[in-house]
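Let's take a friendly walk through this protein, one piece at a time. Have the picture open and follow along as we go.

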Amino acid sequence: MGTSEDTKPVVTNNRDLRVIFLDVGQGASQLIITPSGKTMLIDAGNNDKEQTMINYLHSYGVSRLDVVIGSHPDADHIGGLDRVIKELPIGKIYMPKIMSSTKTFESVLDAVASKNLKVKTAVTDIDIDLDNQVKVQLLAPVKTYDDTNNMCAVVKITYKNTSFLLTADAESKSEQDMITSHGSDLKSDVMLVGHHGSKSSTTARFLNAVKPKIAVIQVGENKYGHPTKPVLSRLNKQGIEVYRNDLNGTVEIDSDGSTLNVQKER
Ligand SMILES: [Zn+2]
């Protein structure tokens with residue numbers, strides 16, 4: 001299992017929070033590195049991105065993950081997670097309480113068991129302890145839903161005066177329930193556009209509640225028409241700056257607590 005014990009330091013300048021939207025094609029993965037070098041990974045792309053994920057983590061100098069979140073059991077999010085869990089020391093892992101009979105999901109549970117980890121339930125109103133200076137809150141799932149997308153863990157990260165909302169594949173039902181139960185807490189400077197820009201997410205009401213300045217769409221070549229025109233035009237109408245993995249490669253947004261700095265691969 002391992003190349004994991006090397007001690008190459010995580011690259012941090014002790015000032016910036018780094019939120020990195022890794023280009024994993026059609027899928028999602030966000031790597032968070034805090035000012036003090038704590039690390040959190042939300043999702044890890046599809047099954048064919050396992051090696052890509054390991055390479056990314058190496059290139060960012062990440063040799064341990066303090067927190068891992070599997071947003072929901074879909075393969076384009078947790079496909080690469082089993083390998084990541086096996087290869088790196090992991091602090092805590094969170095997933096929503098929804099089961100799946102897929103081999104992908106079972107591989108993740110096997111990896112968790114092989115490391116003697118226990119999955120903590122991702123559900124609304126949980127604060128995750130990552131770094132003293134950075135607040136990490138789970139805002140969803142607010143209720144129990146039948147479909148996996150609405151069961152997605154939604155994460156809000158706040159560093160001083162800046163904030164990020166990472167919505168995974170949450171759809172309109174979950175968005176509505178987040179508006180009802182979190183209201184103005186949803187407001188964030190950066191938003192990951194829900195479900196790769198599917199029209200079932202990013203409702204106008206939700207965008208009005210979050211009011212992001214910057215939106216990121218994690219999307220690659222796909223047959224679903226992601227990102228959809230209605231979502232792109234909603235973002236456009238509100239004058240939101242949009243970055244996309246398919247056009248920009250990996251997108252990193254750093255915060256010094258007051259200013260955001262966007263770096264894109266292309
Ligand atoms: Zn997805």
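## A strand, a helix and a strand

In this predicted model, strand S3, helix H1 and strand S4 form a right-handed β-α-β unit. S3 covers residues 39-42 and S4 covers residues 65-69, while H1 spans residues 50-59. The two strands of the unit are also partners: S3 and S4 are parallel and share three bridges. One place to look is Ile42, whose bridge partner in S4 is Ile69.

Just past the end of H1, Gly61 has a positive phi of about 75°.

## The buried face of H1

Which residues of H1 are buried? They are Glu50, Met53, Ile54, Tyr56 and Leu57. Viewed down the axis of H1, these buried residues lie within an arc of 160°, so they line one face of the helix.

What do the buried residues of H1 pack against? Their contacts are with strand S2 (30-33), S3, S4 and helix H3 (81-87).

Is S4 enclosed or open? Five of its five residues are buried, so S4 is largely enclosed by the rest of the structure.

Besides its pairing with S3, S4 is joined to strand S5 (residues 90-95) by four bridges, and these two strands run parallel. Within this pair, Val67 stands opposite Lys92 of S5.

Now zoom out. These strands belong to an open sheet of eight strands, in the order S6-S5-S4-S3-S2-S1-S14-S15, and its pairing is mixed. At the edges are strand S6 (119-121) and strand S15 (260-264), each of which pairs on one side only. Ignoring direction, neighbouring strands of the sheet are turned by 20° against each other on average.

For an antiparallel example, look at strand S14 (residues 251-255), which is joined to S15 by five bridges. Here Asp254 has Asn261 of S15 as its bridge partner.

## What the record says

An unreviewed UniProt entry places the feature "domain: Metallo-beta-lactamase" at residues 26-221. Over that stretch, the chain is 26% helix and 27% strand.

Definitions and conventions:
Residues are numbered from 1 along each chain as its sequence is written. This is a predicted model: local features need pLDDT of at least 70, side-chain atom pairs count only at pLDDT 80 or more; totals for chains, interfaces and linings use all residues. Side-chain values use heavy atoms; hydrogens and water are left out. Buried means under 20% relative accessible area, exposed over 50%, partly exposed in between (1.4 Å probe, protein chains only). The arc is that of the directions from the helix axis to the C-beta atoms. Contact means heavy atoms within 4.5 Å. Two strands pair if DSSP finds at least two bridges between them. Axes are lines fitted to C-alpha atoms, for helices over the stretch in contact, and angles run from 0 to 180 degrees between N-to-C directions. A crossover is right-handed if, with the strands pointing away from the viewer, the path from the first strand over the helix to the second runs clockwise. UniProt positions are given in the numbering used here, feature names are shortened, and annotations may be inferred rather than shown by experiment.
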